[in-house]
Amino acid sequence: MKTVLVTGPAGFIGSHLSEKLLSLGYKVIGVDNFDPFYSRDIKTDNMENFMLNPNFYFYELDLCNNNSLDQLNHEIDLVIHLAGKAGVRPSILDPQSYIDSNISATRNILDFMRIRGIQKMAFASSSSVYGNNAIVPFTEDQNVDNVISPYAFSKKSCEILNHSYHHLYDLDIINMRFFTVFGPRQRPDLAINKFMSLMTKEEAIPVFGDGTTARDYTYVDDTVNGIINCCEYLFSNQKVFNTLNLGNSFPITLSTMIETIATTSGIRPIINRLPMQAGDVNQTFADISKAKDLVGYTPKITFVEGISRFVKWFTQKQSILTVA
Ligand SMILES: NC(=O)c1ccc[n+]([C@@H]2O[C@H](COP(=O)([O-])OP(=O)(O)OC[C@H]3O[C@@H](n4cnc5c(N)ncnc54)[C@H](O)[C@@H]3O)[C@@H](O)[C@H]2O)c1
C-alpha cells in the first residue's frame with residue numbers, strides 16, 4: 001500500500017482527492033490548519049465521508065510553522081501539496097499571508113521531503129500565473145512573468161522554488177496548473193457557489209464587468225483524476241520536473257455561467273453589475289495537449305453536466321440545513 005501525504009484535505013479539492021485516493025487503496029496522511037479563510041464547519045463537513053476511514057490519518061497543523069511536520073512518523077512515498085491560501089482578490093488585501101501560507105509553507109514541505117528522503121511531489125499551481133497573456137489557449141511554455149496579483153506571484157514563486165529543489169536534491173516534481181475548479185463543496189468565495197447562495201436567498205449577485213470575461217471551468221472529478229494521473233506518472237518515472245495545465249480547454253463566459261445556473265436551478269438571478277475587479281484576468285483557456293500526452297489527462301464532464309451535479313448537491317445540502 002502506497003502512502004501519500006495530502007496537504008489541505010479539509011479544503012474543496014483536497015477533500016475530493018483524499019476520498020478518491022482512499023477508495024483506490026492508498027493510505028492518506030492529511031495535514032490542514034483549518035485556515036479561517038472560510039468556516040471550519042464547512043471544512044469539517046468536507047471530510048465527513050472519510051475522516052473515520054482507518055487508512056486516513058489527520059493532523060491539524062500549520063505548514064507555516066517550521067518543524068510542524070516533525071510529528072509525522074509515517075513512511076511517505078509522495079506528497080500532494082494543495083494547502084495554501086487561494087483566491088485572487090483577498091491576496092491584494094493581504095499579500096503577506098499569501099507569501100507565508102503559499103511560499104514559506106511550500107519551502108517547509110520541500111525541506112521536510114529533503115530531510116525525510118521523500119522523492120516525489122505533485123504541486124497545486126494555478127492558471128492565474130498566465131495573467132492576461134494574449135495568446136490562447138495557454139501553453140505551458142508561455143512566459144509567465146507578467147502576473148497581475150500577489151496570489152499568482154505566490155504560485156509562480158512556488159513553481160520556481162520547486163525547480164530549485166528538483167535541481168539540488170533530485171526531487172521529482174510536477175507543477176499542476178488548475179483552472180477554476182467547480183463542483184460539490186466548491187469554496188464559498190468562488191462565483192458559482194456564491195451566486196447559487198445569493199440566488200437562493202433572492203439577493204442580488206455581484207457581476208463584475210460586462211459578462212464577457214471567461215473561465216476554463218474544470219469539474220472537480222476531472223481535476224482529481226488528473227492529479228492521480230500525475231502521481232502515477234511520478235511513481236513510474238525518475239528525474240521528473242514538469243508543468244502541466246489541468247484545465248478543460250472549453251472556456252465559458254460569465255454570462256453563460258450565470259444563465260446555466262439559472263436554467264438548471266430554475267431561479268432567476270437579480271444582477272448587480274459592477275466594474276471589473278483589479279487582479280482579475282480577462283480569460284483563462286488551457287491547452288491540455290501536454291497533460292494528455294504525458295499523463296493521459298482527459299477531462300470528461302461538460303460544464304452543463306457539472307453545474308447540474310453542483311445544483312443537485314447544493315439543493316440537498318440546503319434541505320438538510322432547513323430540516324436541522
Ligand atoms: N479551486 C480552484 O479553482 C483552484 C484553481 C487553481 C489553483 N487552486 C489551488 O489548489 C489548492 C486547493 O484549492 P481549494 O479550492 O481546494 O482551496 P481550499 O481553501 O478549499 O483548500 C485549501 C486548504 O488548505 C488549508 N491550508 C491553508 N493554509 C494552510 C497552512 N498554512 N497549513 C495547513 N493547511 C493550510 C486550508 O485550511 C484548506 O483546507 C490551493 O493551493 C489553490 O490555490 C485552486
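Modeller: Before we start, a residue is called buried if 20 or more other C-beta atoms, placed from the backbone, lie within 10 Å of its own, exposed if 12 or fewer do, and partly exposed in between.
Biologist: OK, what share of the residues is buried here?
Modeller: Of the 324 residues of the protein, 44% count as buried. This is a predicted model, in which local features need pLDDT of at least 70 and side-chain atom pairs count only at pLDDT 80 or more, while totals for chains, interfaces and linings use all residues. Residues are numbered from 1 along each chain as its sequence is written.
Biologist: How many helices and strands are there?
Modeller: The protein has 10 helices and 13 strands, which are DSSP runs numbered from the N terminus (H or I, at least four residues, for helices; E, at least two, for strands).
Biologist: New topic: which helices can you show me packing at an angle of about 50 degrees?
Modeller: Helix H6 (residues 191–200) and helix H8 (residues 254–265) do so, with their axes 11 Å apart; axes are lines fitted to C-alpha atoms, for helices over the stretch in contact, and angles run from 0 to 180 degrees between N-to-C directions.
Biologist: Which residues of H6 and H8 make the contact?
Modeller: H6 contributes Ile192, Phe195, Met196 and Met199, and H8 contributes Met257, Ile258, Ile261 and Ser265, where contact means C-beta atoms, placed from the backbone, within 7 Å.
Biologist: And over the protein, what share of contacts between residues at least 6 apart in sequence joins residues at least 24 apart?
Modeller: That share is 83%.
Biologist: What box do the C-alpha atoms fill?
Modeller: Taken along the principal axes, the box is roughly 55 × 50 × 35 Å.

Definitions and conventions:
Two residues are in contact if their C-beta atoms, placed from the backbone, lie within 7 Å.
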